[in-house]
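Here's a quick briefing to read with the structure open in your viewer. Pick out each spot as you go.

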Amino acid sequence: MAVAAAPQEASLEEQRRWEGDLEELRGLVSERAVSGDTMLLNMGPHHPSTHGVLRLLLELDGEQIVTCLPDIGFLHTGIEKSIEDKSYEKAVPLTDRMDYLSPMSNNMAYAAAVEKLLDLDVPERAQIIRVTCLELARCASHLVWLGTHAIDMGAMSVLLYAFRERERILGMFEMLSGQRMMSSYIRPGGLWRDVPSDFLPTLKQFLNDFPYKVDDYEALLTKNPIWKDRSQGVGVVEPDVALAYGMTGPALRGSGVNWDLRKAQPYSGYETYDFNVPLGEHGDVYDRYLIRIHEFRESMKILQQAVARLERTPGPTRSENRKYCPPLRSELGQSMEAVIHHFKLWTYGYDAPDDEIYSAIESPRGEIGCYIHGTGANKPRRVHFKTPSFMHISALPVISQGYLLADMVAIIGSVDIVLGDCDR
Amino acid sequence: MEIPAARDPVQMARDAFGEGILHVKHFRGETTIVVAAERLPEALGFFRASPGLVYNMLSDVSAVDYYPDDYGAAYDGNQSDYRPERYGVCYHILSMLYNRRLRIKAFADEADPRLPTGTTVFPAANWLEREIADMMGIAFEEHPDPRRLLMPEDWHGHPHRRDYPLGKETVAFSFNVEDIHAHKPFAKD
């Protein structure tokens, strides 16, 4: 459905092609577009404010959006299909590449699903480190969102401040896993390894500084009249609309629906941490902004508690079940069984039941669900990821209806989409 | 306002649909209810609206392909998973009020896989079903927008099917050579 502008003085062939394209869109755009009363305009796939490669076909009445047809798939990499050809452990690096702004959350979604399928235990220390990683990932992801969202709306400097702090978080991820972004640190049954000795001091230093940095962001934006003008009353989502279109995460909570999987269906021990779930009132772009800012502070609270627990909780960081989790390197020189398990796990993997499960976690963007259907052997029959960006882009036509073209940029930014997450 | 007590979805579904409920499965604390394909939208509407159930949100729609040999007549009845046809489509619905999930599953046959759409009940199903129609080749009847979603519109085949090769070319055997040649772009003389 490639649609160019209606040719003014077109040859007969061009005219026919234009009419053929329109025929495909009949029923999707209004009749006024067919008669030429409204304008069809392409936004993307290389528009800087579409956060990747999203293409929107907008139908405009003057500057007002009548409908919008999102076109996705430019970043489709067949991750779900590739996982079908890998043993369960080896699929973890693929999950990093879905939502590339918070790979830890994807690792966690996949690991939690495999653990549920296998009925596998995770040691307490591993759970605490997982929570630490997930909350750091939430901050890192929100920082990219804050910087790009502000730049979309014309505030250039916030990006530089936000990325300065994000670098520190990525530095900590590099300490943990050797990789800044594609960490593959959280694995079925636990973690790759324990945290290195210089991790905790770095994290504490970060926790000391970061609240003041959040104050700085707020000083730049929260009471800024231009920011308020651009975001208040724009992109309003009613709670029932948000639920009907499957929106989750800050985009749902911005509409005042109190639903956070960390509270409602806790995983990895979130029920033992003390934190609040910020809620919005109006469901507009500004409320979604405020919620993410508050989530920085709540994440800090969780991280403070996690640091205290890490210091007093020694122990293994992966399950002792050697049928599913590889033995430590130190065991390999002493135990024949360890060598056998090591060899078996890294060549064949492990069998999972021929049955299906669905498990979901709360990522920075919303609910990441993972559906796994095993085969009874070492490779899954089907792995499907339900990703928040996918649902949010499918809801864009409803959210953006009736707003101005310039507001579209604010709305896309406020639901926080990542196209790698959407297309998988 | 008083919230009505939570009720057992399996029992309520059996009462309401009788023969329409083909199978019920419990695994790892999850409940799967297999409904007859033609009653799928009706069942989704029932679970969404009935007091005591109120599954108000569609979390996910995912499809599974039971190719090559363990479905239909070859299905081993001892397995916990029920698979009378080749394709299974799972609607994962979530009740925020009672904080629980449920999987509604329907099967589509191999020759002409099609199911009625759930979009009428859950608008969120629109893209999720489009993805399945695109990647798994299951047609959703009366879907408001049945175009391809992730693959290009001139793509042949449905990549998530189990008989679709992964990055390699299909090996032509006598049983599938005609099917392959029908789609393969040969150099025209």
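Setting aside neighbours within four places in sequence, A:His51 is in contact with A:Thr148, A:Ile412, A:Ile417, A:Val418 and A:Leu419. Bear in mind that this is a predicted model. A:His51 sits in a loop of chain A, between strand E1 (39–43) and strand E2 (55–61).

**More on A:His51**
- Is A:His51 buried or exposed? A:His51 has 24 C-beta neighbours inside 10 Å, so it counts as buried; the cut-off for that label is 20 or more.
- A:Trp145 is 94 residues away from A:His51 along the chain, yet their C-alpha atoms are separated by 9.5 Å.

**A:Ile302 in chain A**
- You'll find A:Ile302 in helix H13 of chain A.
- A:Ile302 counts as partly exposed because it has 19 C-beta neighbours inside 10 Å, and a residue needs 20 or more to be called buried.
- Which residues is A:Ile302 in contact with, leaving aside neighbours within four places in sequence? They are A:Val131, A:Glu135, A:Tyr273 and A:Phe275.
- A:Glu367 is 65 residues from A:Ile302 along the chain, and the two C-alpha atoms are separated by 19 Å.

- Helix H8 of chain A covers residues 199–221, and its 23 residues at 1.5 Å each should span 33 Å; the end C-alpha atoms are 32 Å apart, so the two agree.
- The buried residues of H8(A) are A:Leu203, A:Phe210, A:Val214 and A:Leu221.
- What covers those buried residues? The cover includes four helices of chain A, namely H6 (124–152), H7 (157–177), H9 (225–231) and H13 (285–312).

**Helix H5 of chain A**
- Run the length check on H5 (residues 103–118) of chain A and it works out too: 16 residues at 1.5 Å each should span 22 Å, and the end C-alpha atoms are 22 Å apart, which agrees.
- H5(A) is mostly covered, with 16 of its 16 residues buried.
- Just past the end of H5(A), A:Asp119 takes a positive phi of about 60 degrees.

**Strands E7 and E8 of chain A**
- Strand E8 of chain A (residues 382–386) is mostly covered, and five of its five residues are buried.
- Look at which way the residues of E8(A) point: A:Arg382, A:His384 and A:Lys386 go one way, A:Val383 and A:Phe385 go the other way, and all are buried.
- Strand E7 of chain A (residues 367–373) pairs with E8(A) in the antiparallel sense, over five bridges.
- If you want one pair to find on screen, take A:Gly369, whose bridge partner in E8(A) is A:Lys386.

**Where chains A and B touch**
- How many residues does each chain bring to the contact? Chain A gives 36 residues and chain B gives 32 residues.
- On the chain A side, the elements giving two or more residues are helix H3 (79–83), helix H10 (239–244), strand E6 (356–362), E7, E8 and helix H16 (388–400).
- By class, this side of chain A has 13 nonpolar, 10 polar and 13 charged residues.

**The largest nonpolar core**
- In soluble globular proteins, nonpolar side chains tend to be buried together.
- The largest nonpolar core here has 157 residues, and B:Val89 and B:Ile138 touch the most other members.
- H6(A) gives the most to this core, at 15 residues.
- Beyond its neighbours within four places in sequence, B:Val89 is in contact with B:Val61, B:Ala63, B:Lys105, B:Ala106, B:Ala108, B:Leu115, B:Ile132 and B:Ile138.

**Chain B at a glance**
- Chain B has four helices and seven strands, and from the N terminus on they run α-β-β-α-β-β-β-β-α-β-α.
- Chain B has 189 residues, and 37% of them count as buried.
- Of the contacts in chain B between residues at least 6 apart in sequence, 57% join residues at least 24 apart.
- Strands E1 (residues 21–27) and E2 (residues 30–35) of chain B run antiparallel and are joined by six bridges.
- Within that pairing, B:His23 has B:Val34 in E2(B) as its bridge partner.
- The hairpin of E1(B) and E2(B) has two residues between the strands, and B:Arg28 takes a positive phi near 50 degrees there.

Definitions and conventions: Residues numbered from 1 in each chain as written. Chains lettered and ligands numbered in written order. Predicted model: local features only at pLDDT ≥ 70, side-chain atom pairs only at ≥ 80, totals over all residues. Expected span 1.5 Å × (residues − 1). Buried ≥ 20, exposed ≤ 12 C-beta atoms within 10 Å, placed from the backbone. Contact = placed C-beta atoms within 7 Å. Pairing = 2+ DSSP bridges. Nonpolar A, V, L, I, M, F, W, Y, C, P; charged D, E, K, R; others polar. Core = buried A, V, L, I, M, F, W, Y, C linked by C-beta atoms within 7 Å.
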